[in-house]
Amino acid sequence: MSNGRAGRFLPYGRQQIDEDDIAAVAEVLRGDYLTTGPAVAAFEQALRGVTGANHAVACANGTAGLHLAALALDLKPGHVAVVPSLTFLATANAVRLTGAEVVFADVDPATGLMGADHLEAALSRTEKSRVRAVFPVHLNGQCVDMESVGACARRHGLAVVEDACHALGANQRMGNDWIGTGACAASDMAVFSFHPVKTVAMGEGGAVTCADETLDRRLRSLRSHGLTREASEFTVTEQAFDAEGQPNPWYYEMHEVGLNYRASDINCALGLSQINKLPRFQASRARIMAEYARLLAPLAPIVRLVPQMSWSQPSWHIAVAHIDTAAAGTTRAKLVRQLFADGIGTQVHYLPVHRQPYYRERYGLADLPGADAYYAGCLTLPMFVGMELADVARVAQSLRSALG
Ligand SMILES: *Cc1c(COP(=O)(O)O)cnc(C)c1O
């Protein structure tokens, strides 16, 4: 793909890989460890630095991270977790993989974010004593109001897992302070994805952050088959220790069933190289969003960008506009095809998960008008590092002509 030339295809999102990223990966390939080596720990340390988390556990992808978090909470059949309907499938699926059931919460029709009122409404639709957790989703790089959602969850005795797959580098308001997403000021864990369309790319990659050391140990064990090499956790003393009471060097124990959800050194080296550029990536995305805001303002009220909320300092992941195609005498499908013909890629994030056949058959169709309204008008426009302001102008021009 050529850079910056008018007429090139603009995907809705893509990675930015530089020569130093390639060099970082090549260095791992020439070294001793392709996995379970020093690049994993170095990436985890960098992620702690960026988020303000006490602990960070790198893993295979964001979905694996959500599943690990659900397992670490001991979700199981008979339990229920609240998930907003406006998210990627993985948030709800992670709950189902434990055997627990999902109750879908509605979201704000303008931002797609779940609020404390939506959480309360979801709780009122289910058997309260079975609900163990809530998974707020920081959509588009803008955070849920974690202060009020966290307080609501605490009031009901729920664990909180933030799906922060869109929100690396976003800050959350807590009283008079701003807290990094992933620091888990109002949650138990936060989960990140480093898929190539996310702000930082690992190829496939993810992470779970938490403040609690016990939870960190549990996540690490679940990430690797449920095994532990911590001598303090060994229970079969005669197998674990020699006559001097030293742990046997080869020894490990397993106390529960885990998975292989590890991230390789190859992926983590890329992640480390990328995460060091986060401020530059964020600034680049913010600049593109500001240009969209400027150029699309004259198209209001037919076209409106997702509004920015006071409780969040966003780290924009995707550029979402709500478009009243009916008022413009067209349809979203026609608009998508016209933009595509102009070399502009778009996407819809997301189909409300409660409408997926699997969930619909399992739970029936809940009435979630906020999620439906958000879905009905949303369209994700191109935004990626390396996109130029002239490209933004091209998108705005194409929208203007398609909408008449
Ligand atoms: C990308 C994403 C995931 C899943 O992450 P993967 O790394 O693709 O497994 C989960 N939730 C949300 C909101 C996402 O955007």
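Let me start with a term: a residue is buried under 20% relative accessible area, exposed over 50% and partly exposed in between, with a 1.4 Å probe and protein chains only. This is a predicted model, so to speak: local features need pLDDT of at least 70, side-chain atom pairs count only at pLDDT 80 or more, and totals for chains, interfaces and linings use all residues. Residues are numbered from 1 along each chain as its sequence is written, and side-chain values use heavy atoms, with hydrogens and water left out.

Okay, aromatics. There are nine aromatic pairs in the structure; rings of Phe, Tyr and Trp (its six-membered ring) pair if their centres lie within 6.5 Å, and planes under 30 degrees apart are stacked, over 60 edge-to-face, the rest tilted. Take F43 and F194: the ring centres are 5.3 Å apart and the planes sit at 90°, so we call that edge-to-face. Both residues, F43 and F194, are buried.

Next, Y358 and Y359. They pair edge-to-face too, 4.8 Å centre to centre with 90° between the planes. Buried or partly exposed, what are Y358 and Y359? Y358 has 43% relative accessibility, so it counts as partly exposed, while Y359, at 2%, counts as buried.

Now the charges. R362 and E101 meet through their side chains in a salt bridge, 2.8 Å from N to O; the rule wants a side-chain nitrogen of Lys or Arg within 4 Å of a carboxyl oxygen of Asp or Glu.

Last, the domains, with bounds from an automatic or database domain assignment: domain 1 is 19-275 and domain 2 is 278-402. Their centres, taken over C-alpha atoms, are 27 Å apart.
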